[in-house]
Amino acid sequence: MIASRLGRDYRLLWSATVASRFGDALRTPALALLAATLTRDPRMVALVTVAAQLPPLLFGLLGGVYADRWDRRRTMAAVDAARAVLVGGLAVAVAAGGATVALLVLTAALLAALGSLFDAASFAVLPSLVPADRLAAANGRLQAGTAVAGGFVGAPVAGVLFTVAAALPFALDAGTFALAALLVLALGHRSGSAGAGRPAGTDGGAAPARRSVWREAGDGLRFIAADPVLRRITLLTAATNLAISGLMSVLVLHALEVLRVPAAAYGGFLAAAALGGLAGALGAGRLAARFGTLPALRGVLVGQTLALTGFALARHPVPGAVALAVFAAGTTLWNSLWAGYGQQRVPAHLLGRVGGGQRMAGLLTAPVGAAAAGFAGAAYGVAPVAWAAAGVFVLATGAAWTTRPVNGG
């Protein structure tokens, strides 16, 4: 079992996360399909997607504050219970024929806002569940589980379920949230405390007195800015997300026009990337244990730069798919390693805010990269977009190798 040997509480968190991700993989394409049945206006269909993307940018820092203020176990359970009610209500509306685009937009926005709080609490609670030296492996196995549940199981059947009954994917998603809430409530009570599982090497004093929400949100950003390695990792994540988002926004065109992937084989082409991502997630713990987190992060960037260069050079589906799989493996490795590094070094009472700040910084560049790639692709063709993404990774790799290791790295 993927979550074996990391303890009962970790298995519960892993199961809850995977169940939720399976439901997400059913709901997300079903929302798009439902929107397309309600309107053929591309702007209205896109609005549903935008509604799910904006809340993490607007409320990510606030989610971190409340993840540090409140009992994390109860917060996660309450969020999942609220999401179950929301999606269940949408399922009822769809079954009754009362769904509208406005309802889809509102539901997508509320779910994403609640997700920001859940993600911050989940990031912060993990160090209280597993030993510090297993955090990279624990994060990797979470990513592996969600990749399987979302990419290999949930997404392929979402369309089938929608054709059977439009309300069915949403009803099942509500069930996964309810199950996840029950699993999280079964976690040990100590796991919810902001002082539980304080990472080695951090101060052991009490959390500072509560102040205004925005001042507390700023504490996370100030901690990142004051720590040279966390600051560099956050900036590198933002830079690479700029390139990744740009590449992914035109990937289908690159595959069809540059690599000559047959339209019928595009799903298999993407499956290669998903397999690469899964392999990377499962290898994160071993890589960190053998080389150390910071050297491993540097090596990952080198590998991704080479893979992206190979992808830009490729003119056939097979080498293109292999290069994309290696690149995807590096992405999941990077995500697992940087999460584990922060969870070891950040004081327990700041974990939610620091994690929220890092995620928000990474998300800020994604729409910029997608928009830039779209304009560049229209002006110069999609092939140069891959080369531009590789160039960003060359710069990021150079910056990463100027960072000196610190204790625990």
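Helices here are DSSP runs of at least four residues, numbered from the N terminus. Keep in mind that the model is predicted.

**View 1. Arg260 sits in a loop between two helices.** Is Arg260 buried or exposed? With a relative accessible area of 60%, Arg260 is exposed, because the cut-off for that word is over 50%. Check the backbone too: phi of Arg260 is near 60°, a positive value in a residue other than glycine.

**View 2. Ser336 is tucked away as a buried residue of helix H12.** The helix covers residues 317-345. Ser336 has 0% relative accessibility, so it counts as buried. Who are its partners? A polar atom of the Ser336 side chain lies 2.9 Å from the backbone oxygen of Thr332. The side chain of Ser336 also reaches the backbone nitrogen of Gly140, at 3.5 Å. Leaving out residues up to four places away in sequence, Ser336 touches Ala136, Asn139, Gly140, Gln143 and Ala284.

**View 3. Helices H11 and H12 pack against each other.** H11 spans residues 293-313, and its axis runs 8 Å from that of H12, at an angle of about 160°. Since that angle is over 145 degrees, H11 is roughly antiparallel to H12. The two helices make a left-handed crossing. On the H11 side, the contact includes Leu297, Val300, Leu301 and Phe311, while H12 brings in residues including Phe327, Trp334, Trp338 and Tyr341. Sorted by class, this contact has 17 nonpolar and 6 polar residues, with no charged ones.

How values were computed. Residues are numbered from 1 along each chain as its sequence is written. This is a predicted model: local features need pLDDT of at least 70, side-chain atom pairs count only at pLDDT 80 or more; totals for chains, interfaces and linings use all residues. Side-chain values use heavy atoms; hydrogens and water are left out. Buried means under 20% relative accessible area, exposed over 50%, partly exposed in between (1.4 Å probe, protein chains only). A polar contact is a pair of N or O atoms within 3.5 Å; within protein, one must be able to donate a hydrogen and the other to accept it, and residues adjacent in sequence count only if both atoms are side-chain atoms. Contact means heavy atoms within 4.5 Å. Axes are lines fitted to C-alpha atoms, for helices over the stretch in contact, and angles run from 0 to 180 degrees between N-to-C directions. Angles under 35 degrees count as roughly parallel, over 145 as roughly antiparallel, 65 to 115 as roughly perpendicular and the rest as oblique. A crossing is left-handed if the near helix is turned anticlockwise from the far one by less than a right angle, and right-handed if clockwise. Ala, Val, Leu, Ile, Met, Phe, Trp, Tyr, Cys and Pro count as nonpolar, Asp, Glu, Lys and Arg as charged, and the others, Gly among them, as polar.
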